[in-house]
Amino acid sequence: MSQTIAPAVPAAPRPDPAVAELLRSVVDTARAIFGAQASSIMLLDGPADELVFEAVSGQGQEFLVGRRFPAGRGIAGWVAASGEPMVVDDLRDSTYFDRDIAESTGYVPNALMAAPLIRGERVLGVLEVLDPSPQARSGLPELDLLDLFARQAAVALHVLTTRAPEPPQETPSRAELLSLLSKARTLLGD
């Protein structure tokens, strides 16, 4: 499967609250579904060739959002580059696991599941579930579930980031507000 790595969201000075809410909901739900210690979404910043923590639930949620690391490193980097999900039951034996990155986050998991956020042929980022319960990572059906969930999240992310901007709302003048207040008082019998 050939995937193109592309930035998920154009660089913006302030994050879109709807996108932040969606991503937070995805990581909270993934953490609950898989009984995990933590879950995170990292989106690709193509121009910088980095993965950026955009949402975190559980371990590290207080300080990881906004942290960056090279897109080609670690399991998340492999998942982003390959476009394929991965489960690793024992990270001590994984050649893909980058312990330095994990230690820099303050949380070193023992096991993880990761799936790409794919829209069409583009990888937008990676959804990771860290230290899922042993029952939740017991086989291919669970990895398929994480992959399906990540694909749904990617579609929702795509819809939110490509929607037409809302037209600017005109701010009523002070005189218009006073007029509306006067009409409301009249209707209420004040």
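## Salt bridges

A salt bridge here is a side-chain nitrogen of Lys or Arg within 4 Å of a carboxyl oxygen of Asp or Glu. The model is predicted. Searching the whole structure turns up six such salt bridges. Side chains of opposite charge can pair when their charged atoms come close.

Arginine 68 and aspartate 45 meet through their side chains, with an N to O distance of 2.8 Å. That distance falls within the 4 Å cut-off, so the pair counts as a salt bridge. The two residues join distant parts of the chain, 23 residues apart. Arginine 68 sits in strand 4 (residues 68-70). Aspartate 45 belongs to strand 2 (residues 38-45).

Arginine 68 also forms a salt bridge with glutamate 50. Here the closest N and O atoms are 2.8 Å apart. Glutamate 50 lies in strand 3 (residues 50-58) and arginine 68 in strand 4, so this pair ties together parts 18 residues apart in sequence.

How exposed are the partners? Buried would need a value under 20%.

## The pair at arginine 92

A further salt bridge links arginine 92 to aspartate 90. The closest N and O atoms of this pair are 3.0 Å apart. Arginine 92 is exposed, with a relative accessible area of 65%. The cut-off for exposed is over 50%, which is why arginine 92 gets that label. Aspartate 90 is partly exposed, with a value of 27%.

## The cavity

Rolling a probe the size of a water molecule over the atoms shows where empty space is left. In this model, the count is one cavity of 30 Å³ or more. The largest cavity has a volume of about 260 Å³. Its lining holds 23 residues. Closest to the centre are Phe53, Ile101, Ala102, Glu128 and Leu130.

Several elements give two or more residues to this lining: strand 2, strand 3, helix 2 (74-82), helix 3 (99-105) and strand 7 (122-130). Strand 2 gives the most, with four residues. By residue class, the lining of the largest cavity has 15 nonpolar, five polar and three charged residues.

Definitions and conventions
Residues are numbered from 1 along each chain as its sequence is written. This is a predicted model: local features need pLDDT of at least 70, side-chain atom pairs count only at pLDDT 80 or more; totals for chains, interfaces and linings use all residues. Side-chain values use heavy atoms; hydrogens and water are left out. Buried means under 20% relative accessible area, exposed over 50%, partly exposed in between (1.4 Å probe, protein chains only). On a 1 Å grid over the protein atoms alone, a cavity is a set of points where a 1.4 Å probe fits but cannot get out, and a pocket is an open set with protein on both sides within 12 Å along at least five of seven lines; lining residues have an atom within 4 Å of a point. Grid points are joined across faces, edges and corners, and a volume is the space filled by probe spheres set on the points. Ala, Val, Leu, Ile, Met, Phe, Trp, Tyr, Cys and Pro count as nonpolar, Asp, Glu, Lys and Arg as charged, and the others, Gly among them, as polar.
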